[in-house]
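Me: I am new to this structure and would like to learn how to read it one feature at a time. Please give me the general idea first and then the case at hand.

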Amino acid sequence: MMGQAPTVDDIERRARAVLRQLPEPFAGHVREIVLIVEEFADEATLAEMGIDDPFALTGLYHGTPVGEKAGASGALPDRIHLYRRPILDEWCDTGERLDHLIAHVVIHEVGHHFGLSDAAMHALEEAAGGAA
């Protein structure tokens, strides 16, 4: 008998656990990030990014990277969007453990918040207990 696919709430709970495991100085900066889990990116987001296939986008960071913040008052809070269906599709395609996949996507988006290189994102993923 097959189990139920993880829900939006399941994905959000796992993603919040990843954020809680981040080491300092990252942990202090991500406390204010808004985490949003949706089924797919909306049409406007996909069009803005030049993406035709909604399954091609698993996560997205919206905001001002830490190094570029200079007393920006009135700005919207930084947000990380996770897209459930593309994450589940990648999970099925790769066979990767779901918690590792979610950690990878979350840390990649956190990396954008900090303006990190791919190598630095990988190191942060290792420090947070994830595996890529």
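Reply: Let us begin with Asp 99, which is partly exposed, with a relative accessible area of 31%. Here buried means under 20% relative accessible area, exposed over 50%, and partly exposed in between, computed with a 1.4 Å probe on protein chains only. Please keep in mind that this is a predicted model, in which local features need pLDDT of at least 70 and side-chain atom pairs count only at pLDDT 80 or more, while totals for chains, interfaces and linings use all residues. Residues are numbered from 1 along each chain as its sequence is written, and side-chain values use heavy atoms, with hydrogens and water left out.

Me: With which residue does Asp 99 form a salt bridge?

Reply: Side chains of opposite charge can pair when their charged atoms come close. A salt bridge is counted when a side-chain nitrogen of Lys or Arg lies within 4 Å of a carboxyl oxygen of Asp or Glu. The partner of Asp 99 is Arg 97, with the closest N and O atoms 2.5 Å apart, and Arg 97 is also partly exposed, at 49% relative accessibility.

Me: How many salt bridges does the structure hold?

Reply: There are five. One of them joins the side chains of Glu 24 and Arg 31 at 3.3 Å, N to O, and both of these residues are exposed. In another, the closest N and O atoms of Glu 39 and Arg 84 are 2.8 Å apart. Glu 39 lies in the loop between β1 and α3 (43–49) and Arg 84 in helix α4 (residues 84–94), so this pair ties together parts that are 45 residues apart in sequence.

Me: Is Arg 84 buried or exposed, and what surrounds its side chain?

Reply: Arg 84 is buried, with a relative accessible area of 12%, whereas Glu 39 is partly exposed at 32%. A polar contact is a pair of N or O atoms within 3.5 Å; within protein, one must be able to donate a hydrogen and the other to accept it, and residues adjacent in sequence count only if both atoms are side-chain atoms. The backbone oxygen of Pro 6 lies 2.6 Å from a polar atom of the side chain of Arg 84. Contact in general means heavy atoms within 4.5 Å, and, leaving aside residues up to four places away in sequence, Arg 84 touches several residues, including Val 8, Ile 11 and Val 37. Other buried residues of α4 include Ile 87 and Leu 88, and the buried residues of this helix pack against α1, β1, β3 and α5.

Me: In what order do the strands of the sheet lie?

Reply: Strands of a sheet pair through backbone hydrogen bonds, either parallel or antiparallel. Two strands count as paired if DSSP finds at least two bridges between them. Here three strands form an open sheet in the order β1-β3-β2, with mixed pairing. The edge strands, each pairing on one side only, are β1 (34–38) and β2 (59–62). β1 pairs with β3 (residues 79–83) in the parallel sense over five bridges, and Glu 38 stands opposite Tyr 83 in β3.

Note on methods. Helices (H or I, at least four residues) and strands (E, at least two) are DSSP runs, numbered from the N terminus.
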